[in-house]
Amino acid sequence: MVKCTWMQEAFSHLPHDADEETVRRYVRAHIIMLLCTQLFRDKSGTRMHIWWLPFVARLEDMGGYSWGSAALSWLYRCLCRVANRNVVKLVGPLKLL
């Protein structure tokens with residue numbers, strides 16, 4: 001897990017003299033931040049899972065993934081968890097509801 005604040009501080013400003021690989025690194029970081037804060041949120045809202053790293057390793061392959069299916073399955077997973085009476089907070093891609 002990585003703290004959201006660290007990601008925001010580390011990748012908030014792209015250097016003016018950035019080469020293509022640096023730009024790609026920043027793009028990957030921003031995509032991971034979007035995935036972890038919008039679609040695949042953590043209950044804490046302050047941490048991001050690093051298991052998404054392999055999916056953004058090659059930007060060219062990202063269009064081949066079924067992100068809609070992944071978000072829907074994550075939503076179903078979150079809804080199943082909230083069915084437990086001890087759970088008081090729902091998290092997930094609630095925009096899909």
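These questions and answers walk through a predicted model.

Student: How far apart are the end C-alpha atoms of helix 4?
Tutor: Helix 4 covers residues 67-82, which is 16 residues.

Student: Which residues of helix 4 are buried?
Tutor: Buried means under 20% relative accessible area. In helix 4, the residues that count as buried are Trp 67, Ala 71, Trp 74, Leu 75 and Cys 78.

Student: Within what arc do the buried residues of helix 4 fall, seen down its axis?
Tutor: What covers these buried residues includes helix 2 (20-39) and helix 3 (53-56). The buried residues line one face of helix 4, because they fall within an arc of 100 degrees.

Student: The structure holds eleven aromatic pairs. What kind of pair do Trp 6 and Phe 11 make?
Tutor: Their ring centres are 6.2 Å apart. Their planes stand at 85 degrees, and over 60 counts as edge-to-face. So the pair is edge-to-face.

Student: Is Phe 11 buried or exposed?
Tutor: Trp 6 has 47% relative accessibility, so Trp 6 is partly exposed. Phe 11 has 13%, and the cut-off for buried is under 20%. So Phe 11 is buried.

Student: Which ring does the charged end of Arg 77 sit over?
Tutor: The charged end lies 4.9 Å from the ring's centre. That ring belongs to Trp 74.

Conventions:
Residues numbered from 1 in each chain as written. Predicted model: local features only at pLDDT ≥ 70, side-chain atom pairs only at ≥ 80, totals over all residues. Heavy atoms only, no water. Helix = DSSP H or I, 4+ residues; strand = E, 2+ residues; numbered from the N terminus. Expected span 1.5 Å × (residues − 1). Buried < 20%, exposed > 50% of the residue type's maximum accessible area, 1.4 Å probe, protein only. Arc of directions from axis to C-beta. Contact = heavy atoms within 4.5 Å. Phe/Tyr/Trp six-rings, centres within 6.5 Å; stacked < 30°, edge-to-face > 60°. Lys NZ or Arg CZ within 6 Å of the ring centre and 35° of its normal.
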